[in-house]
Amino acid sequence: MNKIEHIGIAVKDIDTANDVYQKLLGVPPYKKEAVESEAVITSFFKVGDSKIELLASTHEEGPIAKFIAKKGEGIHHIAFDVDNIVQELDRLENEGFQLINTTPKKGADHKLVAFVHPKTTHGVLVELCQNIVS
């Protein structure tokens, strides 16, 4: 793992959250994107080398809606940048981590993504991110 790629924050309303985070961080979001496979709208902020991803559900049965219903708005996941997501998934599985995704899928912000179950990371949902090479 190279670095923390971003921190994901679950929100009920993306526009309201965008206003709050734009005031907080002093910069507008650089990208707003729908990820249909996850039933979310995402919005990304960048401050220095750090990124924040806001996630709002587009469907009441989507994973973010379920997360908010159970835990409320707040930090949803920590994402790590990796060079080779397939190798990293294999390494983590061999180390005994429970994977939510055994193969990567297309995520937001031009990334391949996969998740590690929070049961094996002390309650933290971990996302692996690899840039999609065009």
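## An exposed histidine

H122 is exposed, as its relative accessible area is 81%. The cut-off for exposed is over 50%. This is a predicted model.

H122 sits in a loop. That loop runs between β7 (111–116) and β8 (126–131). The backbone of H122 deserves a look too. Its phi is positive, about 55°, although H122 is not a glycine. Most residues other than glycine have a negative phi.

## A buried alanine

A39 also has a positive phi. The value is about 55°, and A39 is not a glycine. Where does A39 lie? A39 is in the loop between β2 (31–35) and β3 (40–47).

Is A39 buried or exposed? A39 counts as buried, because its relative accessibility is 16% and the cut-off for buried is under 20%. H122, by contrast, is exposed at 81%.

## Strand β1 and its partners

Strand β1 covers residues 3–11. One partner is strand β5, residues 74–81. β1 and β5 run antiparallel, and seven bridges join them. Within this pairing, I9 has I75 of β5 as its bridge partner.

Another partner is strand β4, residues 50–57. Here the sense is parallel. How many bridges link β1 and β4? The pairing extends over five bridges. V11 stands opposite A56 in β4.

## In brief

β1 pairs with β5 in the antiparallel sense and with β4 in the parallel sense. A39 is buried, whereas H122 is exposed.

Note on methods
Residues are numbered from 1 along each chain as its sequence is written. This is a predicted model: local features need pLDDT of at least 70, side-chain atom pairs count only at pLDDT 80 or more; totals for chains, interfaces and linings use all residues. Side-chain values use heavy atoms; hydrogens and water are left out. Two strands pair if DSSP finds at least two bridges between them. Helices (H or I, at least four residues) and strands (E, at least two) are DSSP runs, numbered from the N terminus. Buried means under 20% relative accessible area, exposed over 50%, partly exposed in between (1.4 Å probe, protein chains only).
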